[in-house]
Amino acid sequence: MPASIALLLGAILLAAGLAAAQTPTPTPRQPPATAAEAPAPDPGCNGIQLNYNLQSRTKIRPFVPDQTKQPYSFKANFSVVNGGTRPLRSWAMLVTFAHDEILVGVDGAVLTAGPDLPYNTTADAGNATSFSGYPQTDLLTPIATAGDITQIQASVGLLGTLFAGPIGKVPVTLPTALSLDDPDYACPPATNVTATVLSTCCLLTPKALANATAPDANATDPTKTFLPRGTGDLVITYDVIQAYPTSYLALVTMENNAKLGRLDNWRLSWEWRRAEFIYSIKGAYTTKKDASDCVYGPAGQYYQSTDFSQVLNCQKNPVIIDLPLSRYNDTQMGRIEHCCRNGTILPKSMDASQSKSAFQIQVFKMPPDTNRTKLFPPANFKIAGGSSLNPDYTCGQPMPVSPTGFPDPSGLDSTTLAVATWQVVCNITKPKDAKPKCCVTFSAFYNDSVIPCNTCACGCPANRRGPTCSTTAQSMILPPEALLVPFDNRTLKAQAWAELKHYNAPRPIPCGDYCGVSINWHVSSDFSKGWSARVTLFNWGDVDMANWFAAMVMDKAYAGFEKAYSFNATAVGNDTVFMQGLEGLNYLVKQTNMSGTDYLVPGKQQSVLSFDKKLTPSLDVIAGEGFPTKVFFNGEECAMPQRFPIKSGSSTRLSSSALALVLLLAASSAFLLLQQ
């Protein structure tokens, strides 16, 4: 083909291609538009969703041969999400740790029991560790908040140490259980969503559902609905009575509800979680006046015009104690109802007017809480007494309750409500290995020996000084006069008595009881129509005990109780006789030097108690039914002897040794009264 023809043919084909490219492609016919198919419902959780996410785990020193005990640092996060129709008030989540976790940091919540960090979760003894929301204590419903995640979810960060083997050999170290600390919800066993995430959905119980109310307009306002007020051995109420943008005035009240528990020289502490500080206090004072944390911290930058020399305390964990009675009418520090009693809070059964203690504080706030409605109580409350006989308390976290009503100060028939109120419930706790703090001795007119307190009744010091003694040998029977002698001076008397009575004397001799208070119960007489006993209290401590009280549980003899002659005594039910000192004689003085002795003599008080047999005609006093089965002193249960005095011979007269003890106790009591 000639070149000219070939060129002409190529040009024709190119023109045809361009024309074809410019011709529009016909659009295929579309079916009519229809609504998209609705997605399948998300099963999710229509209750309270609990999630735990282990974010990281890093091997740390020391490196140990036993890989199951190798420490690892870990970071984790757990969340509580309200997907239901009822607000979750004062939420608390339970996490059952399984690898001896030690918590070093907690963000977005606090440990419910308020322990210090670092916290060893093994202290929960196999039980779950409880976390309480703070500052976000309440989770509202999705309906009331249009699903606002910031109002329906709480997220908590954890930092700590755990002990486990390598990740390749041991499953990821997650807790074994998650649940809500709320009886209205039932939580099924948590399941693994992924290898590092544990989750469960808690739903209202049928009983709670039956009592549930429909959502209303107030569901978004936590101040309109409140949890019921709690009850416990000691209840602390935190009332905000005046509120300003940058400060507020609060009344703190402690009320004792324990039947026998009491506090002497109470010490209250808490933790400020939002950089607050105490400007002033009335009715109490802090153990340290210190504004340095404010001056050199954020408070000093924010309150630049404030004279911090007038600020009382800027500690994150202030310690507050009561004022003495002499300051009650002090217009600057006192004049608060229930204040200024040297920190004494008595049980209501003893004196209801002294079962409360209160003080008032002025608190300054920091951004972002500089708004009169931004109010948060402190957290991690702790309360303790200054006496070794005071019980130990464990306190929960503050819970919002209905505002306290106060009578109008002008006397009008009107009630003024607090701006906001929180309540902290504290209960008496006893560690498993706790020892008593007082002990009891038994004696009787029909035996001239005394059954002493048990060996190490109140615990033996770990590092004892002086001669070696046995912590396991049974305590040695004593002559009556030995009760007036400190244990370190009893050895010769006890050994001489054992030799005289042909008792075996252990080698080494038994250790002492190491109790600060001992109580002798002496059966004084037994006749056909009645009998009597004498109670003697001994204070071996270095501090006077004001407003003491004791309680005796008399299982079989209780119905016959008549009266006490030198104490105020009352039969209060439950086979218990409650007694305290007479007015003006209610001080159990400390041990003192007494003329003619080369050792300290304990402070003593004594009374005779009489019983009849009209209601207890078959009571066998000599067989041991005239002795108490339990004894309490200042609320503490005392260690009891493990045996009773045995009748010796046929004589029922008062033995010469016992008579000597009666006379000596009476004389020494009279001497101490003259010294007061």
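User: How many residues does the hairpin from strand 26 to strand 27 run through?
Analyst: Two residues join strand 26 to strand 27 in that hairpin. Strands here are DSSP runs of E with at least two residues, helices are runs of H or I with at least four residues, and both are numbered from the N terminus. This is a predicted model: local features need pLDDT of at least 70, side-chain atom pairs count only at pLDDT 80 or more, and totals for chains, interfaces and linings use all residues. Residues are numbered from 1 along each chain as its sequence is written, and side-chain values use heavy atoms, with hydrogens and water left out.

User: Parallel or antiparallel, strand 26 and strand 27?
Analyst: Antiparallel, over two bridges. Two strands count as paired if DSSP finds at least two bridges between them. Strand 26 covers residues 438-444.

User: What does Phe-442 bridge to in strand 27?
Analyst: The partner of Phe-442 is Ile-451.

User: And how many residues of strand 27 are buried?
Analyst: Four of the five residues in strand 27 (447-451) are buried, which leaves the strand mostly covered. Buried means under 20% relative accessible area, exposed means over 50%, and partly exposed is in between (1.4 Å probe, protein chains only).

User: Switching to strand 33. How many bridges join strand 33 to strand 34?
Analyst: Six bridges, with the strands antiparallel. Strand 33 is residues 567-573 and strand 34 is residues 576-581. Ala-569 has Met-579 as its bridge partner in strand 34.

User: Which residue in that hairpin takes a positive phi?
Analyst: Asn-574, with phi near 55°. That hairpin has two residues between the strands.

User: What about positive phi in Ser-90 and where is Ser-90?
Analyst: Ser-90 is not a glycine, yet its phi is near 45°. Ser-90 sits in the loop between strand 2 (71-82) and strand 3 (92-96).

User: Why is Ser-90 called buried?
Analyst: Because its relative accessibility is 15%.

User: And Ala-275, where is that?
Analyst: In the loop between strand 15 (267-271) and strand 16 (277-282). Ala-275 has a positive phi of about 65°, and is not a glycine. Its relative accessible area is 45%, so Ala-275 counts as partly exposed.

User: New topic, prolines. Which residue does a cis peptide bond join to Pro-118?
Analyst: Leu-117, with omega about 0°. Pro-118 is in the loop between strand 5 (109-111) and strand 6 (119-120).

User: Cis or trans from Arg-507 to Pro-508?
Analyst: Cis, with omega near -5°. Pro-508 lies in the loop between helix 7 (491-501) and strand 28 (517-526).
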